[in-house]
Amino acid sequence: MSESESAAVSASASAFESEFVSVRRHGDDGVVELALDRPKAMNAVSTAMARDIGAACAALAADPSVRVVVLSSTAERAFCVGADLKERNSLSDAELVRQRPTTRGAYGGVLELPMPTIAAVHGFALGGGFELALACDVIVADETAVVGLPEVSVGVIPGGGGTQLLPRRVGAARAAELIFTARRVEAAEALSLGLVDSVVPAGGDREQALVLAARMAANSPVGLRAAKRALRLGHGMDLAAGLEIEDAAWRTVAFSGDRAEGVAAFNEKRKPNWPGQ
């Protein structure tokens, strides 16, 4: 993140700092940016970086003032190129087994964030890098984006959620074709296949993601989290079960301070001042 960008971040915002990720709050509307910050390695996910991602996500999940998270990259040519294969090549089988909970903690940490999440993708988003994006609710890509899950080409499988998240986006057959061929998909085709949700001009992914995040963050924090919970838990359920999940989520917001404020603001024709509870 540049000095000018850092200066634009609210000085009063709390920030999580580590070697390979940075967390910054944008203004006072609850938008927080989680930036992958290992640019010399194009954000290849080492054990240490996975640990940093997991810790950052835990801090964000525990902060009720965070309304929307944007997952971005400080690397010029990539969002994230996936696992650090140089490190992986040096690990014994026993070390690889010990590493697994740490890597799962990174991907699961993003997936389990309770607030809406937006990935801002440019350049390469491959393997574990694309899985980090898939763990987000919305993916904004720029024209330079190249995405894919090439793990079978190096003798493994997508292990950061890809075999489960990709078919939920594009269907089982399409996901099978993409995973079994290990092919890379450029931005325009990625949009047509539903691998990403929008494509913007080169260099515009982060800005567009932040604009979208601000639009989301203007809404009820309680409502946002409850809606995400209902969407996530209900996916794949039969309709009756899904409606029960929706009803349970509705009950958590129906008697909340946010609901009372939202109705009052609507009737008084003013902007809501969400209590967030």
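**Helix pair and open sheet in a predicted model**

Helices α10 and α11 are roughly antiparallel to each other, a label given to angles over 145 degrees. The model is predicted, so that local features need pLDDT of at least 70 and side-chain atom pairs count only at pLDDT 80 or more, whereas totals for chains, interfaces and linings use all residues. Residues are numbered from 1 along each chain as its sequence is written, and side-chain values use heavy atoms, with hydrogens and water left out.

**The helix pair**

- Helix α10 (residues 221-234) packs with helix α11 (residues 239-254) at an angle of about 170 degrees, their axes being 9 Å apart; angles run from 0 to 180 degrees between N-to-C directions, and axes are lines fitted to C-alpha atoms, for helices over the stretch in contact.
- Contact (heavy atoms within 4.5 Å) involves Val222, Gly223, Ala226, Arg229, Ala230, Leu233 and Gly234 of α10, together with Ile245, Glu246, Ala249, Thr252 and Val253 of α11.

**The sheet**

- An open sheet of mixed pairing is formed by 6 strands in the order β1-β2-β3-β5-β7-β10, where strands are DSSP runs (E, at least two residues) and helices are DSSP runs (H or I, at least four residues), numbered from the N terminus.
- Because β1 (21-26) and β10 (198-200) stand at the edges, each with a single partner strand, one side of each is left without a neighbour in the sheet.
- Strands β3 (residues 68-73) and β5 (residues 117-121) run parallel and are joined by 3 bridges, pairing being assigned if DSSP finds at least two bridges between two strands.
- Leucine 71 stands opposite alanine 119 in β5.

Conventions: Parallel < 35°, antiparallel > 145°, perpendicular 65-115°, else oblique.
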